[in-house]
Amino acid sequence: MTIKIGIPRGLWFYDYYPLWKTFYEELGAQVILSKATNKHILDQGVKNTVDEACLPVKIFNGHVMDLKDRVDYIFLPKMMSVYEREYICPKFSGLPEMVAHSIKDLPPLIDVEINFNKSRKNLDETIYQFGYYVTKDHGRIKRAYVKALESYAKYKDTIRRGYLPMDGELKDYKVSEARKKIAVVGHTYNLYDSYSSMNLLKKLNENHMEIIVPEMLDFSVINKYAGELDKKMFWSFGRKLLGTAMYLADNKGVDGVIYLSSFGCGIDSIIQDLFERKSRREGKIPFLLLTIDEHTGEAGINTRIEAFLDMIEWRKKHESNLSAYG
Ligand code: SF4
């Protein structure tokens, strides 16, 4: 009988799902994704998560609820670190325990630890452990992992070329004759989840805006700019967002920056504050902060996006004879 492995469409999903989907499919398992986020998933997540959790964690739990009765296993790795000498947000590392305590009657979790701070030998062992849920054949597991890496590299390259993984499906967001270039900075699980982002990227695309997201920038550029802080940012996601924001503030190659943040996220509040200060001090790039939680209304978000785009147009028209910077 084919083993069914459920992958929740939340948190690390937008960073890594092609890798794990290919890995398990190559091993002969059937991969089942939870549905794209909708009101029911959000409500289930809110009901089955502690109040203090950020919105992405609540949504993640809603996706686990969506999968739990139709799969043999739920893929829920314990993600400690994906780069050496760095860590992921603690909510990721404690996720298997948090989910197991919040949701009843779960199928077994694939909760193998991912920790790049351990040795290379440990990485090989980690891959075997993921594979053991389907087969004990090391050769098959290794071959599946090689295919998975290929699929992951292709996925990342496609995003760099302007296709965004909306709800997990790569869609062409390139525009011909763009009116303006807008950078949208935020966690992948905020940007590419249409429901929780209230279709922010689609709205910009429909307004003929060229969109730049952190995933399109070169890794070495992000690292260089993130490394300019006095103290190393040891949260991997924070480093990526910070490096992107600092690069944009310095290079001024965009007409505006929108930061999409989650209410209650410590990493977001630090990065948006650092960027806002730098941008005001040096770059003066128009900046819009959108903070979302489960109570955010779409009408208010729409008004703020429209006002921001109008302001950018206005600046462009009048800055030659009137200061647009206040
Ligand atoms: S980085 Fe922020 S938004 Fe993401 S899981 Fe951690 S607290 Fe939540």
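## Serine 81 and its surroundings

Let's start with serine 81, which touches Glu86, Tyr87, Ile88, Ile114, Asn115, Phe116 and Asn117, leaving out residues up to four places away in sequence. This is a predicted model, and here serine 81 sits in strand S4, which covers residues 78–81. Is serine 81 buried or exposed? Its relative accessibility is 0%, so serine 81 counts as buried.

## Tyrosine 16 in helix H1

Tyrosine 16 is part of helix H1, residues 13–26. Its relative accessibility comes to 14%, and because buried means under 20%, tyrosine 16 counts as buried.

Which residues does tyrosine 16 contact, once its neighbours within four places in sequence are set aside? They are Met79, Val82 and Tyr152.

## Where H3 meets H5

Now for some helix pairs. Two packed helices are described by the angle between their axes and by the distance between those axes. For helix H3 (residues 55–67) and helix H5 (residues 95–102), the axes come within 11 Å and cross at roughly 60 degrees. That angle makes H3 oblique to H5, and the crossing is right-handed.

On the H3 side, Val57, Phe60, Asn61 and Val64 make the contact, and H5 brings Leu95, Met98, Val99 and Ser102. Sorted by class, the residues of this contact are six nonpolar and two polar, with no charged ones.

## Where H10 meets H11

Helix H10 (residues 219–226) and helix H11 (residues 236–251) have axes that come within 7 Å and cross at roughly 85 degrees. H10 and H11 are therefore roughly perpendicular to each other.

Which residues make this contact? From H10 come Phe219, Val221, Ile222, Asn223, Tyr225 and Ala226. H11 supplies Arg239, Lys240, Leu242, Gly243, Thr244, Met246, Tyr247, Asp250 and Asn251. By class, the contact of H10 with H11 splits into eight nonpolar, four polar and three charged residues.

## Two loop residues with positive phi

Aspartate 105 isn't a glycine, but its phi is positive, at about 55 degrees. You'll find aspartate 105 in the loop between H5 and strand S5 (109–110). With a relative accessible area of 66%, aspartate 105 is exposed.

Methionine 198 is another non-glycine residue with a positive phi, near 55 degrees. Its loop runs between helix H8 (188–191) and helix H9 (200–206).

## The chain as a whole

Stepping back, the chain has 13 helices and twelve strands. Of its 326 residues, 52% are buried. Looking at contacts with a separation of 6 or more, 72% are between residues 24 or more positions apart.

What about overall size? Along the principal axes, the C-alpha atoms fill a box of roughly 70 × 40 × 35 Å. The radius of gyration is 20 Å, which agrees with the value near 20 Å for a compact globule of 326 residues.

Definitions and conventions:
Residues numbered from 1 in each chain as written. Predicted model: local features only at pLDDT ≥ 70, side-chain atom pairs only at ≥ 80, totals over all residues. Heavy atoms only, no water. Axes fitted to C-alpha atoms, helices over the stretch in contact; angles between N-to-C directions. Helix = DSSP H or I, 4+ residues; strand = E, 2+ residues; numbered from the N terminus. Parallel < 35°, antiparallel > 145°, perpendicular 65-115°, else oblique. Left-handed = near helix turned anticlockwise from the far one by under 90°. Contact = heavy atoms within 4.5 Å. Nonpolar A, V, L, I, M, F, W, Y, C, P; charged D, E, K, R; others polar. Rg over C-alpha atoms; globule rule 2.2 N^0.38 Å. Buried < 20%, exposed > 50% of the residue type's maximum accessible area, 1.4 Å probe, protein only.
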